[in-house]
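Student: I'd like to go through this structure with you, starting with the aromatic side chains. Could you put it up first?

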Amino acid sequence: MKLSFFTLFPDIITAYFNVSIIGRALQNKLIDLECVNIRDFATNKYKKVDNTLIGGGAGMLLEPYVLHLALQHVKDSRIIFLSPCGAKFGYKDSKRLSKYQHLSFVCGRYEGFDERIIEMYATEIFSIGDFVLTGGELGALCMADSVLRHKNGVLGNVKSLEGESFESNLLESPNFAKSKAFDRTSNILPTSEFLKGNHAVIDKLRGNMARMKTQYFRPDLLSLA
């Protein structure tokens with residue numbers, strides 16, 4: 001899978017792809033990473049990439065002509081803009097997007113995008129939540145990480161995807177580590193059924209615990225389950 005990030009700060013993106021599971025996937029060539037510096041397409045000698053708002057108002061917008069120059073050569077890719085007006089990104093979106101061979105994330109800065117650029121180039125528009133960030137890089141990385149988990153070979157153990165939160169509109173059941181030191185320190189033992197090795201009983205118990213956890217923390221999900 002190829003991931004392209006259009007950003008004013010490529011170092012934010014490359015730093016994330018240098019570590020942990022995602023870093024290994026890049027090293028093993030499961031991912032083709034491209035960082036496009038929007039500033040490289042500036043047409044003035046000062047490499048200025050912002051412009052004032054029509055009608056006045058606080059803040060600046062990314063210069064739409066610069067973005068146009070950066071995006072017009074993108075081929076065979078879903079172009080994803082991050083904006084508060086977008087659909088809220090979720091588990092099903094990450095699973096669906098993992099089927100594509102090329103995703104391009106456009107990371108905004110300042111007050112966001114000229115609306116015409118979104119209309120010209122956006123295949124999809126997403127928001128990661130009802131809050132505002134100083135730039136779109138963190139949101140794009142969240143989405144990319146979630147998508148990549150569904151690609152074969154990215155996770156060391158494919159079973160890690162089984163029973164994950166949101167897979168069946170339920171939160172994942174509580175997990176407990178095999179830590180005798182913590183057992184002694186906390187004096188709180190996990191339920192004894194986990195220790196008996198009866199997998200049919202454990203699976204049923206995990207299902208019940210997942211539903212109870214969802215009822216407590218995210219009851220809104222139960223109407224979808």
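Tutor: Before we count anything, a definition: rings of Phe, Tyr and Trp, the last by its six-membered ring, are paired if their centres lie within 6.5 Å, and planes over 60 degrees apart count as edge-to-face. Please also keep in mind that this is a predicted model.

Student: OK, how many aromatic pairs does a search of the whole structure find?

Tutor: The search finds six aromatic pairs. One of them joins phenylalanine 89 and phenylalanine 126, which are edge-to-face, with 5.3 Å from centre to centre and 85° between the planes.

Student: Where do phenylalanine 89 and phenylalanine 126 lie?

Tutor: Phenylalanine 89 lies in the loop between β5 (78-88) and α4, while phenylalanine 126 is in strand β7, so the pair ties together parts that are 37 residues apart in sequence.

Student: And are phenylalanine 89 and phenylalanine 126 buried or exposed?

Tutor: Both phenylalanine 89 and phenylalanine 126 are buried. There is also an edge-to-face pair formed by tyrosine 216 and phenylalanine 217, at 4.9 Å centre to centre and with 80° between the planes, and both tyrosine 216 and phenylalanine 217 are exposed.

Student: Which residues form one aromatic cluster?

Tutor: Phe5, Tyr16, Phe17 and Phe105 form one aromatic cluster.

Student: Switching topic: what does serine 94 touch?

Tutor: Leaving aside residues up to four places away in sequence, serine 94 touches Phe89, Ser146, Val147 and His150. Its place is in helix α4, residues 91-97, and the side chain of serine 94 makes polar contacts with the side chain of serine 146 at 3.2 Å and with the side chain of histidine 150 at 3.3 Å.

Student: Why does serine 94 count as buried?

Tutor: Serine 94 counts as buried because its relative accessibility is 0%, and the cut-off for buried is under 20%.

Student: What about the backbone, which residues have a positive phi although they are not glycine?

Tutor: Among them are lysine 29, with a phi of about 65°, and asparagine 187, with a phi of about 60°. Lysine 29 is found in the loop between α2 (20-27) and β2 (32-37), and asparagine 187 is in the loop between α7 (180-186) and α8 (193-196). Lysine 29 counts as exposed at 72% relative accessibility, and asparagine 187 counts as exposed at 66%.

Student: Last one: which residues form a nonpolar patch on the surface?

Tutor: Phe131, Leu133 and Leu138 form such a patch, and together they have about 290 Å² of accessible area. Leucine 133 sits in the loop between β7 (124-127) and α6 (137-148), and at 37% relative accessibility it counts as partly exposed.

Technical notes: Residues are numbered from 1 along each chain as its sequence is written. This is a predicted model: local features need pLDDT of at least 70, side-chain atom pairs count only at pLDDT 80 or more; totals for chains, interfaces and linings use all residues. Side-chain values use heavy atoms; hydrogens and water are left out. Patches are made of residues with over 30% relative accessible area and no salt bridge: like charges are joined within 9 Å, nonpolar side chains (Val, Leu, Ile, Met, Phe, Trp, Tyr) within 5 Å. Accessible areas come from the Shrake-Rupley method with a 1.4 Å probe; for residues, only the protein chains shown count as cover. A salt bridge is a side-chain nitrogen of Lys or Arg within 4 Å of a carboxyl oxygen of Asp or Glu. Helices (H or I, at least four residues) and strands (E, at least two) are DSSP runs, numbered from the N terminus. Buried means under 20% relative accessible area, exposed over 50%, partly exposed in between (1.4 Å probe, protein chains only). A polar contact is a pair of N or O atoms within 3.5 Å; within protein, one must be able to donate a hydrogen and the other to accept it, and residues adjacent in sequence count only if both atoms are side-chain atoms. Contact means heavy atoms within 4.5 Å. Rings of Phe, Tyr and Trp (its six-membered ring) pair if their centres lie within 6.5 Å; planes under 30 degrees apart count as stacked, over 60 as edge-to-face and the rest as tilted.
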